[in-house]
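Colleague: Before I plan anything around this model, could you walk me through it with a few questions and answers?

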Amino acid sequence: MSRSTDEAHLPGLRQPVAANDGLDAPFWEGTKDHELKVQQCDDCGTHQWGPEWMCHSCNSLAVSWVTIEPVGEIYSWQRPHHPVHSALSDRGPYIIVLIELPHASGIRMVGNLLGDPMQTIEIGAPVSAVFEDRQGDPNFTLVQWEIAD
Amino acid sequence: MTDEYTLKGKVAVVGVGETTYFKHGQSPDPEFVLVLKAILAACEDAGLDPKEIDGFCSYSNDRNDPPRIANALGIPELRYSNMQWTSGGGGAAGAVQNAAAAIVSGSANAVVAYRGLAQGQFGRFGRSGGSRPISGPAAYTLPYGMMSAAQMYAMRTTRFMHEYGVGRSAMRAIAMACYHHAQNNPRAVMQGRTLDEETYDASRWITEPYRLFDCCLENDGAAAIIVTRTDRARDLAKNPVVILGAQQSGGHRSGATAENMTDYVTSSFKPAVKHLYQQAGVTPSDIDVVQSYENFTGGVVMSLIEHGLCTYENADEVLTFDNLRADGGSLPLNTSGGNLAECYMHGLGLQIEAVRQLRGESPNQVPGAKVALANAGPMVPVASTALYGTEEALG
């Protein structure tokens, strides 16, 4: 259903670290364990991503982190060609996808679509997560996506 | 029934001005000096002593703060200052709205809305860099190579085209109309550079679905708009252009991170438009000329639909080059060249062009224009939009 890799898709970009207010630390800890964690409201059950201190639906402050199935559908996409960062100068085109997770209140997550960078992309196509383990300070894991079998 | 709690007709634009517009990084002046020069130009246009300005409004976290400007200008009383928060240039009409609100409330007598940008001094929008770790919402996108403005708004256009099956030909027509209008505008950075269908189609991808000519420029310069009470405006140099209505516009969770805004396929104008037209007492068919903020052409298509100027079904048929040109088109668009071909001054130039059209001073004048729309910042968390009119339009 999901897999992991230690091959960096876009090496050299700024690495993520948990915010110093602690809000998203469970997400980044989860990815290192190859688990996809998002927030869910204890009171009304609404999922949310990115994280907030409050449930946007019922305004409860009782919001917990839950592990969800790391699958989804392509909601939208783009294919950058113009390198906007020096680390991308010789990279060539790559694909950014917006993934909808219908089983988690329809939240959306941004990642790269792995595989042929010039592949034809179909909105609605099912995808599964690829946890990309990276060396850094500290080490971190990105959530990438590939077309599901 | 008329609600007296509106801006309509109570406030007038009396002065507009800008510096020379430069390509990014080419201003010989620091950004702060550009702002001062733009304010002086607007004062001269209005026939107003700069020392009569007593209020300042800006947006997009403009670095040139009112106390410093007031100090430089030697203004005796600084009565009002205000910042509209949003991404990019979404506050261009909002800054004018805030200025007008200050006038209506009696908080100030002459307020300037301004914006200055010197990307050579402070760094380019279209270029990212660095190696420091990143945290917070940017950490959910930047490590995946999503960091520039084009990248932040491209996927909305992809989804829009997917849902409605329109947009590509309209996007090209919008770019061509902007370049067409820039040819008559001596202020336009792209005067002398024409754009035809073949050149657009052959232009490189920045990020699919945006080609080079779908993307705004990056420029150095500054612009300023001065407003005051309409009854006082009549004593100044130019015919007053009244503000018919102005609104800021953020929808449900429009500021959600990682692309989780509830309504994704939107230019962000849906909440504002009904208030705008109600306040102004006009309908889309009353609008003679449109200035619609182009960060990216795909956002303009959605903006025009959401303002009721065409529909999801007929956008490609209505938004053609022939319809969008000032010389004979039914929906004259971005008649200065706009952000694509005049200058990207975070959209304040589009507000100025709306004023010039209603004064009869546009380089691409729409004959007899009485009502002009000028919006700002499609697809950003909070956009803004304004309607201007001649005094005749007040009826």
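This is a predicted model: local features need pLDDT of at least 70, side-chain atom pairs count only at pLDDT 80 or more; totals for chains, interfaces and linings use all residues.

Colleague: How many residues of chain B are in contact with chain A, and which classes make up the side of chain A that touches chain B?

Modeller: On the side of chain A, 35 residues take part, and the elements giving two or more residues to that side are β5 (71–80), β6 (96–101) and β7 (107–112) of chain A. By class, that side of chain A has 20 nonpolar, twelve polar and three charged residues.

Colleague: Which residue of chain B stands opposite Pro80(A)?

Modeller: The strand β5(A) is joined by two bridges to strand β6 of chain B, residues 205–208, and the two run antiparallel. Within β6(B), the residue opposite Pro80(A) is Thr207(B).

Colleague: Which strands make up the open sheet of three strands in chain A, and in what order?

Modeller: The edge strands, each pairing on one side only, are β3 (47–48) and β4 (63–68) of chain A. Strand β2(A), residues 36–41, pairs with β4(A) in the antiparallel sense over six bridges, and Leu36(A) stands opposite Ile68(A) in β4(A). Helix α1 of chain A, residues 25–32, packs on the sheet by touching β2 and β4 of chain A, with its direction at about 145 degrees to that of β2(A). The pairing in the sheet is antiparallel, and the order of the strands is β3-β2-β4.

Colleague: Is Asp133(A) buried, partly exposed or exposed?

Modeller: Asp133(A) has its place in strand β8 of chain A, residues 126–134, and, leaving aside neighbours within four places in sequence, is in contact with Ser4(A), Asp6(A) and Thr141(A). A residue needs 20 or more C-beta neighbours within 10 Å to be buried; because Asp133(A) has 16 inside 10 Å, it counts as partly exposed.

Colleague: How are α6(B) and α10(B) oriented to each other?

Modeller: The axes of α6(B), residues 168–182, and α10(B), residues 297–306, come within 9 Å and cross at roughly 105 degrees. The contact is made by Ala170(B), Met171(B), Ile174(B) and Ala175(B) of α6(B) and by Thr297(B), Gly298(B), Val300(B) and Val301(B) of α10(B), which by class gives six nonpolar, two polar and no charged residues. Angles of 65 to 115 degrees fall in one category, and α6(B) and α10(B) are therefore roughly perpendicular.

Colleague: How many residues of β1(B) are buried?

Modeller: Strand β1(B), residues 11–18, pairs in the antiparallel sense with β8(B), residues 219–229, over seven bridges, and Ala12(B) stands opposite Thr228(B). It also pairs in the antiparallel sense with β9(B), residues 241–249, over two bridges, where Val13(B) stands opposite Val241(B). The strand β1(B) is largely enclosed by the rest of the structure, because the number of its residues that are buried is eight of the eight.

Colleague: Which residue just after α9(B) takes a positive phi?

Modeller: Helix α9(B), residues 270–280, has the buried residues Pro271(B), Ala272(B), Leu276(B), Tyr277(B), Gln279(B) and Ala280(B), and what covers them includes β9 and β12 (383–389) of chain B. Just after this helix comes a phi of about 70 degrees, and the residue that takes it is Gly281(B).

Methods. Residues are numbered from 1 along each chain as its sequence is written. Chains are lettered from A and ligands numbered from 1 in the order in which they are written. Two residues are in contact if their C-beta atoms, placed from the backbone, lie within 7 Å. Helices (H or I, at least four residues) and strands (E, at least two) are DSSP runs, numbered from the N terminus. Ala, Val, Leu, Ile, Met, Phe, Trp, Tyr, Cys and Pro count as nonpolar, Asp, Glu, Lys and Arg as charged, and the others, Gly among them, as polar. Two strands pair if DSSP finds at least two bridges between them. Axes are lines fitted to C-alpha atoms, for helices over the stretch in contact, and angles run from 0 to 180 degrees between N-to-C directions. Angles under 35 degrees count as roughly parallel, over 145 as roughly antiparallel, 65 to 115 as roughly perpendicular and the rest as oblique. A residue is buried if 20 or more other C-beta atoms lie within 10 Å of its own, exposed if 12 or fewer, and partly exposed in between; C-beta atoms are placed from the backbone.
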